Amino acid sequence: MKILFQTLLKIVPVILLLLLGSVITATAQNAKLELDQLDALANRASETVDVKLDEHLIQITSKLFGKDPDEAEIRDLLKKLKGIYVKSFSFAKENEYSPAEIESVLAQLRTGGWSKIVGVTSKKEGENVDVYVMSVGDQVSGLAVVCLDPKEITIVNVVGPIDLDKLSELEGSFGVPDLDIARPKTKKDKEN
Amino acid sequence: MKTKLTLAGLMLALACSLPFSTQAGGDGFNEAVKTIEQFYHVKHQSIPFLARAGMKAARTAAKVRGGDWKRLAEAGSVRMVFFEDQTFDSRGQIASFKASLQRVLSGEWSAITQTLAPKDEEQCHIFVRAAGNKFHVLVITIERHEATVVQATVAPDVLAQLLKDPEGMGKSITDEATTRDP
């Protein structure tokens, strides 16, 4: 009986760790938004861009970065990411899409652990930018940027630990467009 | 006599089944070509082997953005098909074509980037899959009157560059496969 108890004492923490690991993994996976339902917009859009880089592809890329010191930061960032997904639709005329058509994406961001970062704006005139983060404890497990313009929809979804500042390092590469986001001012910025 | 007939029948059946089994168990390239043909009602043009080899030998380098001139595709690895002087009209259903392409290539191939401009009937689809310690890249480019399907084997460092700049590298791979050096 004593041996059984001692064995249980050894096994239980391992099982708990495994369970915790699987919960964290499941949460990280949830940071991936379902975006394929937007594809119908492609028939009306003047241009559509769809980028899908999964964890496997990102890891291959990260291993090949780093020889150049300038790229070391991107390599460290990529190492932790589990996916980069971008969908962008440009329209010839204004209001060629209705808000209902992107509701399926916005609904995912209203639930499932996402929270909106307040104070983020776009530097482009007439464009609304909303940035959402998904967190597990102190750790960010995903980021979503929704840019809506009367003639353009852009959705960027990065799965993994990334913050808004690091996202700027990806802009212009890996299919992530230049988002022109004006970050909210921090206390430090305000003091200066 | 009966045995000979049975044997001949079996041989004939085997001979007939071979090309079909090769097609059925296809590797994505033929399926992508077939999808284009069925959706757009077009027919690809075969390029004679010698002409193709000549083109590949002539083309030795492509520009990697921000890097040195280097060959992208592994030597002898390029497969390609052209569609020339034909009409590619998606009839307002370009999203269906994209979905069909994704469906036939799903499983082994992963779509990296797909760009569509239906009003100009321009599209570029880039898919990738593992091939041992290298990678196969499938680049499908469609314009209003022509299209190209290129499959090339690339080293991991080329793939990394491709992922960093999918559109630019996809174009470079197609250029390398189809352009003759001056």
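Which residue in the turn of the hairpin formed by S5(B) and S6(B) has a positive phi? It is Gly132(B), with a positive phi of about 70°, in a hairpin that has 2 residues between its strands. The legends below place this turn among its surroundings.

The structure is a predicted model, in which local features need pLDDT of at least 70 and side-chain atom pairs count only at pLDDT 80 or more, whereas totals for chains, interfaces and linings use all residues. Residues are numbered from 1 along each chain as its sequence is written, and chains are lettered from A and ligands numbered from 1 in the order in which they are written.

**View 1. The two chains and their secondary structure.**
Chain A has 6 helices and 8 strands, and from its N terminus the elements follow the pattern α-β-α-α-β-α-β-β-β-β-β-α-β-α. Chain B comes to 6 helices and 7 strands, arranged along the sequence as α-α-α-β-β-β-α-β-β-β-β-α-α. Helices (H or I, at least four residues) and strands (E, at least two) are DSSP runs, numbered from the N terminus. Buried residues make up 29% of the 192 residues in chain A and 34% of the 182 residues in chain B; a residue is buried if 20 or more other C-beta atoms, placed from the backbone, lie within 10 Å of its own.

Strands of a sheet pair through backbone hydrogen bonds, either parallel or antiparallel.

**View 2. The strand pairing between the chains.**
S1(A) and S4(B) run antiparallel and are joined by 4 bridges, and Val49(A) has Thr115(B) in S4(B) as its bridge partner. In total, 20 residues of chain A are in contact with 24 residues of chain B, two residues being in contact if their C-beta atoms, placed from the backbone, lie within 7 Å. The elements that give two or more residues to the side of chain A that touches chain B are S1 and H2 of chain A, and the largest share, 8 residues, comes from S1(A). By class, this side of chain A has 9 nonpolar, 6 polar and 5 charged residues; Ala, Val, Leu, Ile, Met, Phe, Trp, Tyr, Cys and Pro count as nonpolar, Asp, Glu, Lys and Arg as charged, and the others, Gly among them, as polar.

**View 4**
S4(B) and S5(B) run antiparallel with 7 bridges between them, and Leu116(B) stands opposite Gln123(B) in S5(B). The hairpin of these strands has 4 residues between them, and Glu121(B) takes a positive phi near 55°. S5(B) is also joined to S6(B) by 9 bridges in the antiparallel sense, with Phe135(B) in S6(B) as the bridge partner of Ala130(B). Further along the sheet, S3(B) and S7 (residues 147-154) of chain B pair in the antiparallel sense over 5 bridges, and Arg79(B) has Gln151(B) in S7(B) as its bridge partner.

Axes are lines fitted to C-alpha atoms, for helices over the stretch in contact, and angles run from 0 to 180 degrees between N-to-C directions. H2(A) and helix H3 (residues 69-80) of chain A pack at an angle of about 155°, with their axes 8 Å apart, which makes H2(A) roughly antiparallel to H3(A), a term for angles over 145 degrees. Ile58(A), Thr61(A) and Ser62(A) in H2(A) meet Arg75(A), Leu78(A) and Lys79(A) in H3(A), and by class this contact has 2 nonpolar, 2 polar and 2 charged residues.

Notes
Pairing = 2+ DSSP bridges. Buried ≥ 20, exposed ≤ 12 C-beta atoms within 10 Å, placed from the backbone. Parallel < 35°, antiparallel > 145°, perpendicular 65-115°, else oblique.
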